[in-house]
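Open the model in your viewer and keep the selection panel at hand. The stops below go through it one at a time.

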Amino acid sequence: MSQIGIVSMYTDSCGYGGLLQAWAMVRMINEMGYNAEQIVLGNKKAGIPQKTIFKKIKQLGVEGTFSAVRWKLKKISGTMPDEKIFAQTKSLCTEFRNSIPHSERYDEDDLEVTNKLYDVFIVGSDQVWNPYWIREAYLLSFVKGRPRISYAASIANFDFSMKEKQRFIKAIEQFDAVSVREKKAVWYIKKFSQVNPALVLDPTLLLRKEHYANIEKEVNVPEKYIFCYFLNMESKKRTLAQKIAEEQKCRIVYPIWYRQQVLYNDNTFGEQTLLEVGPREWLYLIHHASLVLTDSFHALVFSILYQKQFYHIPRTKKQKNDMNSRVDSLLTMLELEERTIDKNNIRSMKYTKINYQHVEQVLESQRVKSFAWLENVLGTLL
């Protein structure tokens, strides 16, 4: 049986979407009859450029930067919440991460030894080529004499410096097959390289809702609730959620990260904040929500898989640093563009139900194409 090594933003991750796409990637390929596992990455190779302060501020935005500064000040002053509050969430993420078939840990300087262990290497999918945290391992630069494949690799934002772009293009031109998950990434790669990438579905969308329902874990929440999950928290999003909850006559549930706790410490009536949420609990919260409000790509993915009513509240666009491109690509593909709303205007919402019969037809067609691409590539290269 062919051995396949998968490189992704998996190691030490506590991101729900990233962990679930890693789980889905391995599960999908193993169900195709191969033997796949995640390669656990350790230290970066020396010489990788670090983000400048300017680039960090550009990534976080104004509100995010002020939040980070407040957090640093609380840490220095000793007034931040007890870290034990967040320990359970970290342990839930660790448990799920360890449930995914995986290798021992390799530092990037030691990765060449894996050429003896795997017949083919795949990188993907979640933001592995985002210039803010790209690393040599995500470019498969350690691979020697083995096929290199990207599956649904995401760039997400395109704020490459000239040096970063040249390094990125040179690396992917060494790949045997390239696929990405957003239309803008297809355009970008075709414009600056000799590569003609395929557009495919994120691995999470290749599996069915039954796959995920089987790994959920129940959470004690109200019978009727709006599930809000914001990676880029802005006060306007919270205000909008409160208005919608008032109209819908239901409560709001927020799963929040440890350092986000300061944003929700005013105990607003009707809001329930959850600090102990891992990937299994996160799936349950989406599955059983009356409505989902989010700016997260994977929260939208699972809303669609569970056939929930949802609205996408975009993150603030910053020219090239536009984290909405992957969401826009997904919603356009599934003809769900109208589910994007303006956080400044609740009237931009259309209270119409999603026609999931049509969405499922489009999604199934894309699944067939994505599976066919991957099956053809693996069948040719192995």
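## A buried alanine

Start by selecting Ala24, which is buried: its relative accessible area is 0%. The model you are looking at is predicted. Colour residues 16-31 to see helix α1, where Ala24 is located.

Which residues is Ala24 in contact with, leaving aside its neighbours within four places in sequence? Show Pro203, Thr204, Leu207 and Tyr212.

Next, select the seven strands of the open sheet and follow them in the order β3-β2-β1-β4-β5-β6-β7; their pairing is parallel. At the edges are β3 (102-106) and β7 (198-199), each of which pairs on one side only.

Now pick helix α12, residues 356-381, which packs on this sheet. Its contacts there are with β1, β4 (120-123), β5 (148-153), β6 (177-180) and β7. Compare the direction of α12 with that of β5: the angle is about 170°.

Return to the sheet and zoom in on β1 (residues 3-7) and β2 (residues 35-41), a parallel pair joined over four bridges. Within this pair, Ile4 stands opposite Ala36 of β2.

## The whole protein

Finally, zoom out. The protein has twelve helices and twelve strands. Of its 382 residues, 56% count as buried. Among contacts with a separation of 6 or more, 77% are between residues 24 or more positions apart.

How values were computed. Residues numbered from 1 in each chain as written. Predicted model: local features only at pLDDT ≥ 70, side-chain atom pairs only at ≥ 80, totals over all residues. Heavy atoms only, no water. Helix = DSSP H or I, 4+ residues; strand = E, 2+ residues; numbered from the N terminus. Buried < 20%, exposed > 50% of the residue type's maximum accessible area, 1.4 Å probe, protein only. Contact = heavy atoms within 4.5 Å. Pairing = 2+ DSSP bridges. Axes fitted to C-alpha atoms, helices over the stretch in contact; angles between N-to-C directions.
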